[in-house]
Amino acid sequence: MGAVETIATARAKNVKLNKLENDYYLCIIATGNQFDDPAIFDLGLSKSEAQQTISDLILLCSNLSKGESLYVMNRDRKIRISNHPMLGVPVLYFDIPGIAGDMTSVTEKELLKFQKALEAYSE
């Protein structure tokens, strides 16, 4: 396994945009169970795939109604993504198999930060 490079962090480093060799992924730490390993949502195998996935997630922030969910396949896992805004701000929750704690989440603002960081990132 190669070294992990962190491209950007958010929420006191609990949400990270990481790169492992040629595999980009978003690492989201569950808050409900201290014994959980970090939950990983795969963004793609290239910078352009990761950028497209982040853009798609940002679109979900405005296209999913409050409380609405959809399922996506991610690394052969069926993950439910739900929009549960807080104070009017879109928040996407990821129900990831194998995570015992509360569903993990990422805000639209965090996704926009990651989008900008990935655009500036040079391989």
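## First sheet

An open sheet of four strands is arranged in the order S1-S2-S3-S4 with antiparallel pairing; strands here are DSSP runs of E with at least two residues, helices are DSSP runs of H or I with at least four residues, and both are numbered from the N terminus. Two strands are taken to pair if DSSP finds at least two bridges between them. S1 and S4 are the edge strands, each pairing on one side only. From one strand to the next the twist averages 25 degrees. Angles run from 0 to 180 degrees between N-to-C directions, with axes as lines fitted to C-alpha atoms, for helices over the stretch in contact.

Strand S3 (residues 23–28) and S4 run antiparallel and are joined by 5 bridges. Ile-28 has Ala-39, in S4, as its bridge partner.

## Basis of the model

The structure is a predicted model, in which local features need pLDDT of at least 70 and side-chain atom pairs count only at pLDDT 80 or more, while totals for chains, interfaces and linings use all residues. Residues are numbered from 1 along each chain as its sequence is written, and side-chain values use heavy atoms, with hydrogens and water left out.

S5 and S6 pair in the antiparallel sense over 6 bridges. Within this pairing, Val-72 has Ile-79 of S6 as its bridge partner. Strands of a sheet pair through backbone hydrogen bonds, either parallel or antiparallel.

## Helices on the sheets

Contact, as used here, means heavy atoms within 4.5 Å.

Ile-54 is found in helix H1. Ile-54 is buried, with a relative accessible area of 2%; buried means under 20% relative accessible area, exposed means over 50%, and partly exposed lies in between (1.4 Å probe, protein chains only). Leaving aside neighbours within four places in sequence, Ile-54 is in contact with Leu-17, Leu-43, Leu-111, Phe-114, Gln-115 and Leu-118. Gly-88 is 34 residues from Ile-54 in sequence, and their C-alpha atoms are 21 Å apart in space.

## Salt bridges

Side chains of opposite charge can pair when their charged atoms come close. A search of the whole structure finds 4 salt bridges, each defined as a side-chain nitrogen of Lys or Arg within 4 Å of a carboxyl oxygen of Asp or Glu. One of them joins Arg-11 to Glu-110, with the closest N and O atoms 2.7 Å apart. This pair links distant parts of the chain, 99 residues apart: Arg-11 is in the loop between strand S1 (4–10) and strand S2 (15–20), and Glu-110 is in helix H2 (residues 108–120). Arg-11 counts as partly exposed at 33% relative accessibility, whereas Glu-110 counts as buried at 9%.

Arg-75 forms a salt bridge with Asp-42, the closest N and O atoms being 3.6 Å apart. Arg-75 lies in the loop between strand S5 (69–74) and strand S6 (77–83) and Asp-42 lies in strand S4 (residues 39–44), so the pair ties together parts that are 33 residues apart in sequence. Arg-75 is partly exposed, with a relative accessible area of 43%, while Asp-42 counts as buried at 15% relative accessibility. Asp-23, Asp-42 and Arg-75 are linked in a network of salt bridges. Asp-95 forms a salt bridge with Arg-80, and their closest N and O atoms are 3.4 Å apart. Asp-95 lies in strand S7 (residues 91–95) and Arg-80 in strand S6, so this pair ties together parts 15 residues apart in sequence. Asp-95 counts as partly exposed at 32% relative accessibility, and Arg-80 is partly exposed with a relative accessible area of 23%.

## Charge over a ring

The charged end of Lys-78 sits over the ring of Tyr-71, 4.8 Å from its centre. A charge is said to sit over a ring if NZ of Lys or CZ of Arg is within 6 Å of the ring centre and within 35 degrees of the ring normal.
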